[in-house]
Amino acid sequence: MWKTLFDIFSSDLIGFALSATLLIAYHLFLRHKLKTDPAYTIHAINMTARAAWVEGVMSKEGQEILAVQTLRNAIMGPSFLGSTAALLMIGTLTLTGQGDKLDYTWHSLNIIGAVQQELWLAKLLLLLLDFLMAFMCFAQAVRLLTHVGFMINVPARDPRRNSPQFVAAQLNRAGNYHWMGMRAYYIAVPAAFWLFGPHFMVVASIAAVVMLYHLDHAPG
């Protein structure tokens, strides 16, 4: 039974394995580079900058309006991206009922992959889970940014809960969730191309890794 299933879906399974290996290997490469150079990525530099910003705002009087305006602007990004992820989930769910009508057009370029209805639904489920992860990450980013808006304007009386270091840690947690949400968007590109065939997914994964390297690597 398993041999029969592998024979039917072998091209798609191999394509999925290659794409996943490429993306995982790239992020392991980033993790290794960060151990030797903490400022290797833009994300790491932004974390340092956010901590310095919190320290500066909480150490001076009269910075409350600046802090609120900056955080309000920061909330707009994940709010928009989270709403977009919700719309993409609705669009993906709509496609689940259109498989029989889209077989000819969507599979016309699928020269090596399987075209079974079950595989089509599995691809859409993977894409739906990816957009769901993006939505949850952006929602968490908005939640933490809202909390930071209150904490950053409170005098630091408890060093464990309301010190600049603690507030900066919460702000960087929001930044991490925003980073993960964007990463889910980037991963959605190969997943979407998988709908057209496993060879498109592999090519899209290679292109995504090249794009991510240029976006992640800090110049200089």
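At what angle do helix H2 (residues 42-58) and H6 pack, and how far apart are their axes? They pack at an angle of about 145°, with their axes 9 Å apart. This is a predicted model, in which local features need pLDDT of at least 70 and side-chain atom pairs count only at pLDDT 80 or more, while totals for chains, interfaces and linings use all residues. Residues are numbered from 1 along each chain as its sequence is written, and side-chain values use heavy atoms, leaving out hydrogens and water.

**Confidence**
- The mean pLDDT (the predictor's confidence in each residue, from 0 to 100) of the protein is 86, and 85% of its residues reach 70 or more.
- Helices (H or I, at least four residues) and strands (E, at least two) are DSSP runs, numbered from the N terminus.

**Helices H2 and H6**
- For the angle and distance, axes are lines fitted to C-alpha atoms, for helices over the stretch in contact, and angles run from 0 to 180 degrees between N-to-C directions.
- The crossing of H2 and H6 is right-handed; that word applies if the near helix is turned clockwise from the far one by less than a right angle, and left-handed if anticlockwise.
- Contact means heavy atoms within 4.5 Å, and the residues that make it include Trp-53 of H2 and Trp-179 of H6.
- The residues of this contact divide into ten nonpolar, six polar and two charged. Ala, Val, Leu, Ile, Met, Phe, Trp, Tyr, Cys and Pro count as nonpolar, Asp, Glu, Lys and Arg as charged, and the others, Gly among them, as polar.

**A residue of H6**
- Gln-170 lies in helix H6 and is buried, at 12% relative accessible area (buried is under 20%, exposed over 50%, partly exposed in between, with a 1.4 Å probe and protein chains only).
- Leaving aside residues up to four places away in sequence, Gln-170 touches Leu-144, Val-148 and Met-151.

**Aromatic pairs**
- Rings of Phe, Tyr and Trp (its six-membered ring) pair if their centres lie within 6.5 Å; planes under 30 degrees apart are stacked, over 60 edge-to-face and the rest tilted.
- The count comes to four aromatic pairs. In one of them, Phe-16 and Trp-194 have ring centres 5.5 Å apart and planes at 25°, so the pair is stacked.
- Phe-16 lies in helix H1 (residues 2-36) and Trp-194 in the loop between H6 (164-193) and H7 (198-216), so the pair ties together parts 178 residues apart in sequence.
- Phe-16 is partly exposed at 36% relative accessibility, whereas Trp-194 is buried at 8%.
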